[in-house]
Amino acid sequence: MPEDAVCALNTLQTNASALEQVRRERGHPQLQLQAMRGFLKRSGLEVEELDSLNIIHVTGTKGKGSTCAFTERILKNYGFRTGFYSSPHLVQVRERIRINGQPISKELFTKYFWQVYGRLDETKDAHGGSMPAYFRFLTILAFHVFLQEKVDLAVIEVGIGGAYDCTNIIRKPWVCGVSSLGIDHTSILGDTIEKIAWQKGGIFKPGVPAFTVKQPDGPMAVLQDRAMEIGCSLSMCPDLEEYQPEVGPLRLGLAGRHQRSNASLALQLSRCWLQQRCQTGHLQPSPPVENGSISQASSFQPSTFMVKGLEDTEWPGRTQTLQHGPLTYFLDGAHTTRSILACVDWFREAAAQQECAAGGPVIRVLLFNTSGERDSGALLKILVSCHFDLAVFCPNITEAAASSSADQQNFNVTLEGMLTRCLDNQRSWRSLVRQDARPGTEFLIPGGLPLVVERKMASALVFPCILSALRWIAQGRDPVLVSSSQPTSMVPANAAEKAEPLREAAAVHVLITGSLHLVGGALKHLDPSSAA
């Protein structure tokens, strides 16, 4: 059963050996790759076997997943059998491992999961009881799947950083890419963008061409130094406007101006891969790197396959729009300062276009949460400029009932910690919009946890789970949520008074952002087919 496999996978989130791995390796990051090679060997694979996957390796802070999605779709259009490994997943863990753009089936996931898990479990006693942690295991599983399914190429998205990320056991990718850099995961990667750039440049390999989008001067200089140190060429992608398709401007399947640099990077990665595929030896000598200089990649006329690939790319949870009757949901998993800025630009433009045709008053609602070490206050400060009528906060829990999907369970955070973050976000929002912040306890979340709301009309509410937040926002006007079989979560009595504008508005625009996990939980309810 696939559910059994996912439950077994979830045990790798917090098992004692995984925690010991983290403690042991924290001060010696190079041990991470050594350990990963050991786990790979125990699973029955040699690192040399990965060379045959003809890998495109992509890192970055913002846009690396979208770049991979564009690249995979382009090469699939050429008729190649593609593998695509990404993280995190939105609804089901199988989304992380794709063949020809589609998540592997439940049957294939279950089959290959137990093959890999069984081999690692059989050998753990001889290795101090150690098992790979969650992301390491999934990375090994992805390599195993792609080799067994005989893909022509694998597009591999880095998890965190690059130099010491477990995907970086790859020895000979065909081409590497770096999307837009910014500040994120500072406790792991460093507290400056230059330190982060050093980590990202760690995926470069000798003689393997690398491409990057335009970066600030500091991190660009670091990437140049890394390219010279490692011995590879580094080229900067042109603006998307410089490409000249045969007919009309390039159209992208992913919305937002920030996707244009991702699309340009994908064009360069795809073209470089195709050029090598058409040659007898795929690794051609790179141009000599002199004084760490960076070359400007040339624009070109995209082929019909490339044009169609960019236009048809889908990447759920990133600048995605869903229309359900009078409600329009704008979903974007932005979770850094730069990505939230891009999200705001996209939302303003997309919402304004729809508001013009609403034929009556429109209510704007923010549904927000963050995870990890993110500075929620800094992100909320940016979002205030969108002038939301209501702000709703909830933990990344899909529903309060015990039926919550195993795919979306996270044992590394507590419910109390998640609710505390939501209440902190509520206070931050009230402070930012200069509202009275005198909360009162109105009712109990099932299980005895208090839900704090304003006794008078307020712009900020906290709900116990994603489903209860969505249902309150929808007020019975979303046919998808109305037909949901999930039980109704407890909602405060006075929340009905606050909901009157939602019931009377001609249209309700809901921006769901701050966390890909939040977006994934929302998609489970808003697009039931994603959980099928």
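One cavity of 30 Å³ or more is present in the structure, which is a predicted model.

Pro88 sits in the loop between strand S2 (82-85) and strand S3 (97-99).

Two residues other than glycine were examined for backbone geometry. Thr319 has a positive phi of about 40°. Thr319 lies in the loop between helix H11 (304-312) and strand S10 (320-324). Its relative accessible area is 7%, so Thr319 is buried. Asn54 likewise shows a positive phi, of about 50°. The loop that holds Asn54 runs between helix H3 (30-42) and strand S1 (56-59). At 12% relative accessibility, Asn54 too counts as buried.

Disulfides number zero in the structure. Cys386 is in no disulfide, and the nearest cysteine sulfur, that of Cys343, is 7.3 Å away. Cys386 is buried, with 1% relative accessible area. For Cys394, the closest cysteine sulfur belongs to Cys422, at 6.2 Å. A disulfide requires sulfur atoms within 2.5 Å, so the sulfur of Cys394 is too far from that of Cys422 for a bond. Cys394 is buried as well, with a relative accessible area of 0%.

Notes: Residues numbered from 1 in each chain as written. Predicted model: local features only at pLDDT ≥ 70, side-chain atom pairs only at ≥ 80, totals over all residues. Heavy atoms only, no water. 1 Å grid on protein atoms, 1.4 Å probe; cavity = no way out; pocket = protein on both sides within 12 Å on 5 of 7 lines; lining within 4 Å. Points joined across faces, edges and corners; volume = space filled by probe spheres on them. Buried < 20%, exposed > 50% of the residue type's maximum accessible area, 1.4 Å probe, protein only. Helix = DSSP H or I, 4+ residues; strand = E, 2+ residues; numbered from the N terminus.
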